[in-house]
Amino acid sequence: MYFHNFFQSIAKRYRHGWVFETGMSNEASRGARRKKSLVALHWSGRPCNSWLAPGAEPGSPEYFERTEAERHRLEPFVARFARYQDWKGKSVLEVGCGIGFDLCQFARSGARAVGVDLTAAGAALSTQRLRHHHAPGQALVADCEQLPFVDATFDFVYSWGVIHHTPDTDKAAREIVRVVKPGGQVTVMIYNRRSLVALQAYLVYGLLKGRPLRRIAEIIATHLESPGTKAYTVREARGLFPSLEDVSITSVVTPYDLRIGRNRYLPHWVGSIMPQSLGYFMVIQGKKPRLERSLSESVIDAA
Ligand SMILES: C[S@@+](CC[C@H](N)C(=O)[O-])C[C@H]1O[C@@H](n2cnc3c(N)ncnc32)[C@H](O)[C@@H]1O
């Protein structure tokens, strides 16, 4: 009943429909839509991490079990940041839920969990994963640059490896902060430009191709995952969330930093002796200031 009421209230807070950029010229708006469509096309054709279960029928029990086990093997550190158990009874939004690993973990841990993804494929597979585990929760199709929720809806907003793919990452970051409640938490993973993955990409697509002056940002945008992917320095990452407080930024060395072939990686322990600041995954954690505090701060500022 509790969950039913929560999802009813989410349904009320869900603003239907796609509203395209109002303050843009027609041409800029067309350009933005085109870039977004290319991102959607990429992830619709290859729902994120589906490749972890080659040969399994997407949506089958085998697919869900194998992708989950393999994702856990490759990215065991995710749980440290997602802290699934901490959100029991709380409202959680996952932005860019992909095929629903984390969304399902939140729901299974007792959170009132809602996921959104740009693609219908992602939302559908996430919904099926929830059903597979008999977990409550919802997955919807939505754009992280225009989250379909009113302000201050969620206790926790979580996003893992998503907002660097969308054309207007600043806007996505502002949307995340908008929908979290004052005092609520935000955890967002984006890619680190000063990482071993970025270095490998430069070696392969820059140096070895005889183009040593090619910029890393351009290489990443062209060759890593969906078109236009970005990667950030710590300073830029902090700049995405200027209004959060108690911000921490933690980089993690991932198997992808230790890749030595298409599906071959150096053993995990090598990652543990590397400087973590060279890791590809950069996790931003912070808290949205409480209204009372912002108000009192503005009174002090005005005095
Ligand atoms: C690298 S996958 C990560 C998925 C999931 N968070 C995970 O860890 O498995 C990137 C996901 O971001 C989604 N995505 C990209 N742009 C988006 C946007 N503008 N709004 C919502 N989701 C988006 C893609 O559809 C894709 O599922």
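**Exercises on a predicted model**

In this predicted model, R71 is in contact with N49, L52 and F101 once its neighbours within four places in sequence are set aside.

**Exercise 1.** State where R71 lies among the helices, and decide whether R71 is buried, partly exposed or exposed.

*Solution.* Begin with the secondary structure, in which R71 belongs to helix α3, covering residues 61–74. Next take the count around the side chain: 19 other C-beta atoms lie within 10 Å of R71. A residue is called buried at 20 or more such atoms and exposed at 12 or fewer, and R71, with its count of 19, is therefore partly exposed. Finally, return to one of its contacts, N49, which is 22 residues away in sequence but 7.7 Å away in space, taken from C-alpha to C-alpha.

**Exercise 2.** Work out which strands stand at the edges of the open sheet, and why one side of each lacks a neighbour there.

*Solution.* Write down the order of the 7 strands, which is β3-β2-β1-β4-β5-β9-β6, with mixed pairing. The edges are held by β3 (138–141) and β6 (245–252), and because each has a single partner strand, one side of each is left without a neighbour in the sheet. From one strand to the next, the twist averages 15°.

Technical notes: Residues numbered from 1 in each chain as written. Predicted model: local features only at pLDDT ≥ 70, side-chain atom pairs only at ≥ 80, totals over all residues. Helix = DSSP H or I, 4+ residues; strand = E, 2+ residues; numbered from the N terminus. Contact = placed C-beta atoms within 7 Å. Pairing = 2+ DSSP bridges. Axes fitted to C-alpha atoms, helices over the stretch in contact; angles between N-to-C directions.
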